[in-house]
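Morning, everyone. Please look at the next slide, and we will walk through the fold together.

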Amino acid sequence: MRVSRIAVTLSLALLASAASAQTAAPTRDDIVGKLNHFEQAAEVDLPALKQQVMERAKARIKNDPGPVNRPLIAPDLANLPAFNAQIQFDADTPIIQPASYQTVGRIADALVHSSLLPYTFLIVGHVESNSKTREANAILSQRRADAIRDVLVNTFKISTKRLHPIGLGEEQFLDRAKPTSAANGQLQILTYAKLPEEAPAHPAAAPAPAAKKPAKKR
């Protein structure tokens, strides 16, 4: 009986250790390694994309192919370097749970790494298929992307010009084969484009020498 109890205790300890490893926050270097392979900016008009997401989420399409076969709304994003973050939010809200603060902090650490400083990033919100409407999920995904941007800017002082939040709701599943999978609720950080180079500051022109007054005649 004693041996059996020891075996059960060890099994539980191993399971707890495995679960802890799965939920451990990624390191800064993990995130940098995912994001520092930028080659070319995606041809994406972000304001237009936000409008398209809402219009498609609201639409009542008679022959909708369903979540598994629904075409991606922004396929070009798949070509960008991406880090998928498992950020936990309170149910149906953009409130980040304390357990995910460390992951957000590691994202901030990565974004100020020297190899990523020349770039801007998309913060992409997704939502798994559920009982709510696609419109409600599109709105929620945008609010969650905005919430991550706000924390990165206000708490970690990342420049707001480097961050572009966009919510895709159910319109671009990360796992199209399993629309209800929790994997589809992940938030993505994508390396989006290079920051425009600032023109070098021109030194102030030296003042012209004062004109010499003619000598007085004696």
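How many of the residues of the chain, in percent, count as buried? Of the 218 residues, 36% do. Buried means under 20% relative accessible area, exposed means over 50%, and partly exposed is in between, with a 1.4 Å probe and protein chains only.

A word on the source. This is a predicted model, where local features need pLDDT of at least 70, side-chain atom pairs count only at pLDDT 80 or more, and totals for chains, interfaces and linings use all residues. Residues are numbered from 1 along each chain as its sequence is written, and side-chain values use heavy atoms, leaving out hydrogens and water.

Now the parts list. The chain has five helices and four strands. Both are DSSP runs, numbered from the N terminus: helices are H or I with at least four residues, strands are E with at least two. Along the sequence, the pattern reads α-α-α-β-α-β-α-β-β.

Next, contacts. Contact means heavy atoms within 4.5 Å. Take the contacts in the chain with a separation of 6 or more: 82% of them come from residues 24 or more positions apart.

On to the sheet. In what order do the four strands lie? The order is E1-E4-E2-E3, in an open sheet with mixed pairing. Two strands pair if DSSP finds at least two bridges between them. At the edges sit E1 (82–85) and E3 (163–169), and each pairs on one side only. Neighbouring strands are turned by 25° against each other on average, direction ignored.

Look at E4, residues 187–194. E4 pairs with E1 in the antiparallel sense, over four bridges. Ala82 stands opposite Leu190 in E4, and Ala85 stands opposite Leu187. E2 also runs antiparallel to E4, and six bridges join them. There, Val124 has Gln188 of E4 as its bridge partner. Why do we call E4 largely enclosed by the rest of the structure? Because seven of its eight residues are buried.

H2, residues 28–35, lies across E1, E2 (119–126) and E4, at about 140° to E1. H4, residues 101–111, packs on the sheet and touches E1, E2, E3 and E4. The direction of H4 makes about 165° with that of E1. For these angles, axes are lines fitted to C-alpha atoms, for helices over the stretch in contact, and angles run from 0 to 180 degrees between N-to-C directions.

Now a helix pair. The axes of H3 (residues 46–58) and H5 (residues 134–154) come within 7 Å and cross at roughly 155°. H3 and H5 are therefore roughly antiparallel to each other. The cut-offs: under 35 degrees is roughly parallel, over 145 roughly antiparallel, 65 to 115 roughly perpendicular, and the rest oblique. Residues of H3 in this contact include Val53, Met54 and Ala57, and those of H5 include Ala138, Ile139 and Gln142.

Last stop: Asp76, in the loop between H3 and E1. Is Asp76 buried or partly exposed? Partly exposed, because its relative accessibility is 33%. Asp76 touches Ala42, Glu43 and Val44, leaving aside residues up to four places away in sequence. Asp76 and Val44 are 32 residues apart in sequence, yet 7.5 Å apart in space, C-alpha to C-alpha.
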